[in-house]
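Me: Please take a close look at one part of this model, the metal site. Which residues hold the metals, and where do they sit?

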Amino acid sequence: MLNVDLHCHSNVSDGTLTPAAVAARAKANGVDIWALTDHDEIGGIAAARAAAAELGLPYVAGVEISITWAAQTIHIVGLQIDETNAELVQGLAATRGGRERRAHEMAEQLAAVGIPGAFEGALKHVGNPDLISRTHFARYLVEIGRCADTSEVFRNFLTEGNPGYVPHRWASLEQSVRWIRGAGGVAVVAHPGRYKLSDLAFDAFFNEFKQLGGSAIEVVTGSHTPDQYGYYAKVAADYGFLASRGSDFHSPSESRVDLGTLPPLPASLTPVWHNW
Ligand code: AMP
Ligand code: MN
Ligand code: MN
Ligand code: MN
């Protein structure tokens, strides 16, 4: 049984380790096939690929694209992409574009509830100035002692109905799948168990994703409970999706699930890596 981890982050997005350090950690944890999937960014791929080659770690180029669908933020992972594909490169650059303005608005909201200087504070945690994210604000709120850890931050700030939440329009589902497939990749719905959609909306979403050429969903991920492994295994079987596995590792001190430590995919499913 291969230990495959196809979802994690470096400091090129909102992880804390460099791409090379994430590669080393994957190797040390016994990962057999590894993909780095930074949010809306391919800037870490060259370093990740070089580090993996040095370690003899089979490597797949990846990305995690933020999209807006039915007013919800959803993440679509692209695997086996050609990161030099012009439309993918331009599309991701465009989708990153609104982040700085959004971050200033988040900081204004936090200032209004007595937390000044959050933009500058978050920026100190950012590895890539092009990719300031809510995670960096969360680390700042922990740093100043406003919350004990980042999960407490996301329960009280930065999320819908809480201070620091700024609605944002990301790429469309159609664009994300087109960019990924145009770059020769496979489109995968990231951690479906995290989205607040009704059964009816989920059915519409999965059908649209499939019709656009999406082919897989994450079943075993650090964002799912064991019950959800079973539930999304059934979803994969029902819709004819390939199945993926990934820790969604961000940081040694924050992530509940480390690289390469999740249970295997249920044996009845076809893994997204079956023909690699
Ligand atoms: P952004 O792309 O700026 O909206 O930031 C999204 C990132 O925030 C996600 O990729 C996670 O890393 C982090 N995040 C969002 N919600 C939570 C949560 N409830 N608990 C921990 N991290 C979260
Ligand atoms: Mn993240
Ligand atoms: Mn995600
Ligand atoms: Mn992720």
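Reply: What follows goes through the metal site ion by ion. The model is predicted.

Start with the manganese ion (ligand 3). Its donors are Glu 64 through OE, His 75 through ND1 and His 191 through NE2. The distances run at 2.1 to 2.2 Å. Along the chain, the donors of this ion follow the spacing E-x10-H-x115-H. Glu 64 belongs to strand S3 (residues 59–69) and His 75 to strand S4 (residues 72–79), so this pair ties together parts that are 11 residues apart in sequence. Burial is judged against a cut-off of under 20% relative accessible area. Glu 64 has 0% relative accessibility, so it counts as buried. His 75 has 12%, and it counts as buried too.

Now the manganese ion (ligand 2). Asp 14 (OD), His 39 (NE2) and His 250 (NE2) coordinate this ion, at 2.1 to 2.2 Å. The spacing of these donor residues in sequence is D-x24-H-x210-H. His 39 sits in the loop between strand S2 (33–36) and helix H2 (45–55). His 250 lies in the segment after strand S7 (242–246). The pair therefore ties together parts that are 211 residues apart in sequence. Both histidines pass the burial cut-off: His 39 is buried at 8% relative accessibility, and His 250 is buried at 15%.

Last, the two ions together. The manganese ion (ligand 2) and the manganese ion (ligand 3) are 5.6 Å apart.

Terms used: Residues numbered from 1 in each chain as written. Chains lettered and ligands numbered in written order. Predicted model: local features only at pLDDT ≥ 70, side-chain atom pairs only at ≥ 80, totals over all residues. Heavy atoms only, no water. Donors = N, O, S within 2.8 Å, 3.2 Å for Na, K, Ca; no water. Helix = DSSP H or I, 4+ residues; strand = E, 2+ residues; numbered from the N terminus. Buried < 20%, exposed > 50% of the residue type's maximum accessible area, 1.4 Å probe, protein only.
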